Amino acid sequence: MLHGSGSEADEARRQFGDVTAAMEQLFLGLPERTERLRELARLDTPVQQDADEVARMTDPRAGMYFFQAAVSGRWLDLLPLARLLPEEQRWPAVPYLRRLLVDEPERVCVWVEKNLDAICAQGLGALSQAVGLVSEAGMAGCALLARLVGEQPERFVLVRAAYWAREVPVAERTGQWVAVLEGVLRSRAFTVHESWESGQVLGELVGTTHPEGRLRTGKDRLGVIIRSALAGALNDHLEDEYAGLQAELVNELGTITLADPPHTIGVTLMRAVLDLALVEARLGVPVVQRLRGVYSKPPATEHRARLVAVHLTESWPHDSQHAEAAAEWWQAAVDAAREVGRGTWPNADLADFLALVEAQCPHELRAQMKAALGEGLGLPPAAAQVRAWADAFPGPVPRQWRIVRGLSPVLPEPVRGLWEPVLGLLEEKHGPPPGRPEPVVKTTSWVEAYGGLSVEVFRARVQAEGAVAAVAALAAAPVSEDDGDADGDRAGLLGELVAQDLEAWAADPAAVAAAAARPVLQAAYFNALHHAAGKGLLDPAMLGALAEAAFAIRPQEGLLGADPDDQALSVIGFCLTQLHRCDPAWAAGHMDTLLPLEPAWRPARVWLAHGKPDTALLARLDRTSLWHVLCEPDADGPLYRVLLALLDDTEPLGPTGEFLAGLTSCPGGEVAVSALLSQLATYTARSESGEVAERAAGLWRAALDANLPAAALRGAGHFVFAAGLDQDLWLELTVATLAQQPDLEDADYLVKRAARTPASPGAQSIAAAALDHGPVNGYRARTVRRTADLYEMAPAENTAEREALRVALINAGAIDAAYGS
């Protein structure tokens, strides 16, 4: 009995069982509970007691394995809802639900819909995962997706619904499938941000209307439903004033395609409506029927008039082949002519339609067509209105005049004649109209290099008068008034001139710098020269004079006390190795100025990052200052020069262990040593030299013997890529490194290389450490899979290393792999 005589025996046993189970969860590790976990997952007919046991599991790894392995569909009804719901960032139960989805998609969708409120309460991430699951159910998820699109129109819901729709086989698509996509297309949250996907959705709708050129007839009304849905979605978007304006700005709808749609959904929808109408024209659908959605949904505006006109132009080659279809076409054309005057601007689409009508109109319909066009364009203005506009010129052209002027080249003479006074006046003021209306908004490319200054002119001046005269002229040259950065333009031009004729510009650097006069031009000059020197394009004999000239332009109060122009002096740092080797006397005389590493503009600091490596020069730098530079962010250049020195058998930086220990003593030094080891490994991998690999292994061993902090050794994991290192040597050093730092970089590749020798205890230890301490990131699954493969290939011996590997697999959730199943 527990806690009082009032407890019944059964209740006492239940409480004791609960306490025992809780103790097991608390104190027993996953390896000790694995057998029972596997039994539960393999149950075909679990009962509530089994579900209660699963519900008490507190180890996330146990839950993940259970849902990956559970086979019975009964768990969906037995487990508590909290165990099955998605979380904001993950969904442990989703592998189980996906397996149910294969045989029972309706049941899974019903479960999601039943618990939709609870799912939404978990956050948008949970809802996103649930939508993704439902979208894998095919048409079984259609009703629920339709509800989600309407009630939860988040962008991710709409995008997933669009993907779902494209994956449903055409033969299974229904009116409800169309309703899902219509909801998606009506949402501006989708169409504004997903223009390409909108085009794909519309292409699916058009392609579904009459699949493979087969006309849907009789009770199969899916084509009618799609036609109506497209027109409705179009009308919904064109009611927005801005969307309507964007549609008007498109001059030719014929240039629009659903494969490469514009960013304006209204225009894309217009193209989809036209594509569908053209498909139906080819299949012999009467013009009134195929335009029924256009006539009934969009109101009588410029957009409807344009849609009808464009479709009639596109369908003429098909409708003109049959007398009955042609008669219907001409009736529609007369009706369309009554609306050509709508809109703000003329467009090429209406002009093409009118040109076709003028060329093809039967004689007996010309009077009717003339009357229709007159009605569409309206009455010309009175003479007094024309005079008033001429007297007030310049001023805006009235909307109707603008449309008539733009369409005038294709209007029938009787219609154009009525507007002749207006057209004559407009031609007098604005010139003749283009033969075909041009876009209202045009995009052109305009580039003016160097503010109007000519490279060719100054290049010729260099050849005729020399670089000094040319730079003096450039410094005084006027730059376009529209340009806001005159000296920037001059500096850009000077850099290009120097690169084109290095010999001329490097001949007398002091005179050129003096003639340039302004610091920005001097900096551009020396900057161009240091780029050339870095590429080996300058004669080394010139470098001393260049350095002297760069020093000479410093302020008179002295180099060390001045605020330096690092661009002008950078040429010294870039060429410090050449100066040190080619003019040692000059370099020796300036060492106190050249070699300090602070402040950052000092030549040695520039050399350390960008200059040609020189171990002798590196050894002369102040050691503590060097360590501090190596600890700074973006120190790849200095680290590279240091690793080359460490690989030198003469040890110019002293014993490796002492150097690395000193580096780790600085703030940030542990990270710097790790980066140095990583870069050393990369260098070794690329060199493919046995000598380099041997020396690198010596440096790696020295780092291990120096008893560095664990964080300093992380980069040693990168040696996994050094193919030149003998496998046994790599195993030995990696195992030794893991003893000091179990969390190495590139854990997944450590396992991959270890798997070359699966029988090796060292390889098994490496794989176990990679699983136990490697990062839980996007590569984790690959690390687990490679470790499982290594375990499977390893001899079935009862060794400590193999057992540690088995336990690591269990702790990583790869329970079946650990049991060889």
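Student: Leaving aside neighbours within four places in sequence, which residues is arginine 782 in contact with?

Tutor: Arginine 782 is in contact with Asp748 and Tyr749, once its neighbours within four places in sequence are left aside. Please note that this is a predicted model. Contact here requires heavy atoms within 4.5 Å.

Student: What makes the pairing of the side chains of arginine 782 and aspartate 748 a polar contact?

Tutor: The two side chains come together at 2.4 Å. A polar contact asks for a pair of N or O atoms within 3.5 Å, one able to donate a hydrogen and the other to accept it. The pair therefore qualifies as a polar contact.

Student: Is arginine 782 buried, exposed or partly exposed, and why?

Tutor: Its relative accessible area is 22%. Buried means under 20% and exposed means over 50%, so arginine 782 is called partly exposed. This residue belongs to helix H50, residues 780–793.

Student: How far apart are arginine 782 and aspartate 649, in sequence and in space?

Tutor: They are separated by 133 residues in sequence and by 40 Å in space, C-alpha to C-alpha.

Student: How do you know whether the length of helix H23 agrees with what a helix should span?

Tutor: H23 has 13 residues, 348–360, and at 1.5 Å a residue they should span 18 Å. The end C-alpha atoms are 18 Å apart, so the span agrees.

Student: Which residues of H23 are buried, and what covers them?

Tutor: The buried residues are Ala348, Asp349, Leu350, Ala351, Phe353, Leu354, Leu356 and Val357. Their cover includes helices H21, H22, H24 and H26. At the start of H23, a side-chain oxygen of asparagine 347 reaches to within 3.1 Å of the backbone nitrogen of aspartate 349.

Student: Which residues lie nearest the centre of the largest cavity?

Tutor: Asparagine 347 is again among them, together with Glu248, Glu302, Arg306 and Arg342; the lining has 13 residues. H21 gives the most to this lining, with 4 residues. The volume is about 90 Å³, and the structure holds 3 cavities of 30 Å³ or more.

Student: What does helix H45 reach, and what is expected of it?

Tutor: H45, residues 669–687, reaches 26 Å from its first C-alpha to its last, close to the expected 27 Å. Its buried residues, including Leu676, Leu677 and Leu680, pack against helices H42, H43, H44 and H46. Just after H45, glutamate 688 takes a positive phi of about 55°.

Student: Why do glutamate 651 and aspartate 746 count as they do in terms of accessibility?

Tutor: Glutamate 651 has 36% relative accessibility and aspartate 746 has 22%. Each value falls between the cut-offs of 20% and 50%, so both residues count as partly exposed. Glutamate 651 has a positive phi of about 50° although it is not a glycine, and lies in the loop between H43 and H44. Aspartate 746 has a positive phi of about 60° and lies in the loop between H47 and H48.

Student: Which residues have the most contacts inside the largest nonpolar core?

Tutor: They are Phe66, Leu205, Leu230, Trp505 and Phe719, in a core of 249 residues. Not counting residues up to four places away in sequence, leucine 230 touches Leu202, Leu205, Val206, Leu269, Ala272, Val273 and Leu276. In soluble globular proteins, nonpolar side chains tend to be buried together.

Technical notes. Residues numbered from 1 in each chain as written. Predicted model: local features only at pLDDT ≥ 70, side-chain atom pairs only at ≥ 80, totals over all residues. Heavy atoms only, no water. Helix = DSSP H or I, 4+ residues; strand = E, 2+ residues; numbered from the N terminus. Expected span 1.5 Å × (residues − 1). Buried < 20%, exposed > 50% of the residue type's maximum accessible area, 1.4 Å probe, protein only. Core = buried A, V, L, I, M, F, W, Y, C linked by side-chain atoms within 4.5 Å. 1 Å grid on protein atoms, 1.4 Å probe; cavity = no way out; pocket = protein on both sides within 12 Å on 5 of 7 lines; lining within 4 Å. Points joined across faces, edges and corners; volume = space filled by probe spheres on them.
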